[in-house]
Amino acid sequence: MAVVLGALALTLADWAARLDPNGKVANIVEILNQTNEVIADMLFVEGNTPTGHITTVRTGLPEVAWRMLNYGVPQSKSRTVQVTDTCGMLAAYAQVDKKLADLNGNTAAFRLSEDVAFIEAMNQEMASVLFYGNTQLEPKKFLGLAPRYNDSSAENGENIIDAGGTGSDLTSIWLVCWGASTVHGIFPKGYQAGLKSADLTQNKAEGDPLLDPNGDRYQGYISHYSWDLGLCLRDWRYVVRISNIDINTLTKRGGIVNLMASDAVYDAGPDLADLLIQAIELVPSLGKGTPVIYCNKTIRTWMRRQIKNSTNVNILMQDIAGKKVVTFDEIPVKRCDAILNSEDRVI
């Protein structure tokens, strides 16, 4: 059965949609783009293995003793364990029919108009896996943050704060302290960090033979994109998850007592400022790395609305590098659209 070509490759209709009134390649309004500022913040370190990174974590201190004259000290030692973090290989091929790309004599611009969509798709996928990648369910990916912080009874459970939501419209706020000895991205030993691109078209003038969905050949151009990366959590104390935030119960005052009412009552919903204070106090030393707070646009909108609340004086709008940035206790609050409003409840 023939495959509908328009679902898999660019058609003349796609080409026409990319031309402005003057017949030039149009500047495409990328309405599908997301804001995932975490990608720019994430520190990357070269792994110590070809497939990832092995971290040695101290799990126990040696015993020390008070001694008396003429008495010795019992021998002791510390305890360590090795943790292996693996990388995933994200890749894509952007293929364009040669005649389609050459129609108006601006081949490079048309190819770029398609390539930027592939790059955006890879950025979105990377950000999503950074938070939700689960190698037990999808071994091809790398292990993200949420599966590492999804059990309040685990050792790192003390860094999971329960905001009290129980419905199906739940989200999280993350405090991540990026650093070489705390939490960082990794890439395989001997490789290069970051998204790599390559023009695989051998004959730039004639293009290369490509295969359509039915296995038939046509001349075209090929761009290859690859990104080998993973996440290394060296010290779990430097990541805090505020989980179970019910977006339907958020208010501008967030749990603040209404002293003007005849009976003092609390607004429904979590107090974001109070939750963030708890999260910050769980981190041993913010100076050990670069702390950043991540949330989606729903949560950050409510934070900005709570700025006017005099009880939430910790939430401010500050100028950082010439930009207005939401901060909490001078820690930037950055938007990450990859964080869902439909998370499972963490228990």
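**Entry 1: Thr55**

I started with Thr55, which counts as buried because its relative accessibility is 3%, below the 20% cut-off. I am working from a predicted model here. I placed Thr55 in strand S2, which runs over residues 52-60. I then looked up its contacts beyond four places in sequence, and found Val81, Gln82, Val83, Cys232 and Arg234. For Val81 I also noted the C-alpha separation from Thr55, which is 8.3 Å for two residues 26 apart along the chain.

**Entry 2: Thr49**

Next I went to Thr49, in the loop between strand S1 (44-46) and S2. Is Thr49 buried or exposed? I have it as buried, with a relative accessibility of 17%. Leaving out residues up to four places away, I found that Thr49 touches Ile54, Pro188 and Lys189.

**Entry 3: the whole chain**

I stepped back for an overview. I count 6 helices and 15 strands in the secondary structure. Of the 347 residues, 40% count as buried. I also looked at contacts with a separation of 6 or more, and 75% of them join residues 24 or more positions apart.

**Entry 4: confidence**

The mean pLDDT is 83, and 82% of the residues reach 70 or more. Which elements sit at the two ends of the scale? Helix H1 (residues 12-17) has the lowest mean pLDDT, at 57, while strand S5 (residues 160-162) has the highest, at 98. I marked residues 1-7 as well, where the pLDDT is below 50. Beyond near neighbours in sequence, I find 7 contacts for that stretch in the model.

I turned to the interior, with a general point in mind: in soluble globular proteins, nonpolar side chains tend to be buried together. The largest nonpolar core here has 30 residues, and Phe131, Trp174, Trp178 and Tyr294 touch the most other members. I looked up where its members come from, and found at least two residues each from helix H4 (107-132), strand S6 (170-178), strand S10 (217-233) and strand S12 (290-295). Helix H4 gives the most to this core, with 6 residues.

I followed up Tyr294 and listed its contacts, again leaving out residues up to four places away. Tyr294 touches Val38, Asp41, Phe131, Ser172, Ile173, Trp174, Val176, Trp178, Lys334 and Ile339. I also wrote down a second, separate core of 28 residues, with Ile242, Leu272, Leu276 and Cys295 among its members.

**Entry 5: aromatic pairs**

How many aromatic pairs are there? I get 3. For Phe131 and Trp174 I read 6.0 Å centre to centre and 50 degrees between the planes, a tilted pair. This pair links distant parts of the chain, with Phe131 in helix H4 and Trp174 in strand S6, 43 residues apart. Both partners are buried.

I then compared Tyr149 with Trp174. Their ring centres are 6.0 Å apart and the planes stand at 85 degrees, so I call the pair edge-to-face. Here too the pair links distant parts of the chain: Tyr149 lies in the loop between H4 and S5, 25 residues from Trp174 in strand S6.

**Entry 6: helix H5**

I listed the buried residues of helix H5 (residues 272-282) as Leu272, Ala273, Leu275, Leu276, Ala279 and Ile280. Why do I say that they line one face of the helix? Seen down the axis of H5, they fall within an arc of 160 degrees, so they line one face. At the N-terminal end I found Asp271 as a cap of H5, with a side-chain oxygen 3.2 Å from the backbone nitrogen of Ala273.

**Entry 7: helix H6**

I finished with helix H6 (residues 297-306), whose buried residues are Ile299, Trp302, Met303 and Gln306. These cover an arc of only 105 degrees around the axis, so they are on the same side of H6. At the start of H6, I saw a side-chain oxygen of Asn296 reach to within 3.2 Å of the backbone nitrogen of Thr298.

Key
Residues numbered from 1 in each chain as written. Predicted model: local features only at pLDDT ≥ 70, side-chain atom pairs only at ≥ 80, totals over all residues. Heavy atoms only, no water. Core = buried A, V, L, I, M, F, W, Y, C linked by side-chain atoms within 4.5 Å. Buried < 20%, exposed > 50% of the residue type's maximum accessible area, 1.4 Å probe, protein only. Helix = DSSP H or I, 4+ residues; strand = E, 2+ residues; numbered from the N terminus. Contact = heavy atoms within 4.5 Å. pLDDT = per-residue confidence, 0-100. Phe/Tyr/Trp six-rings, centres within 6.5 Å; stacked < 30°, edge-to-face > 60°. Arc of directions from axis to C-beta. Polar contact = N/O pair within 3.5 Å; in protein donor to acceptor, adjacent residues only side chain to side chain.
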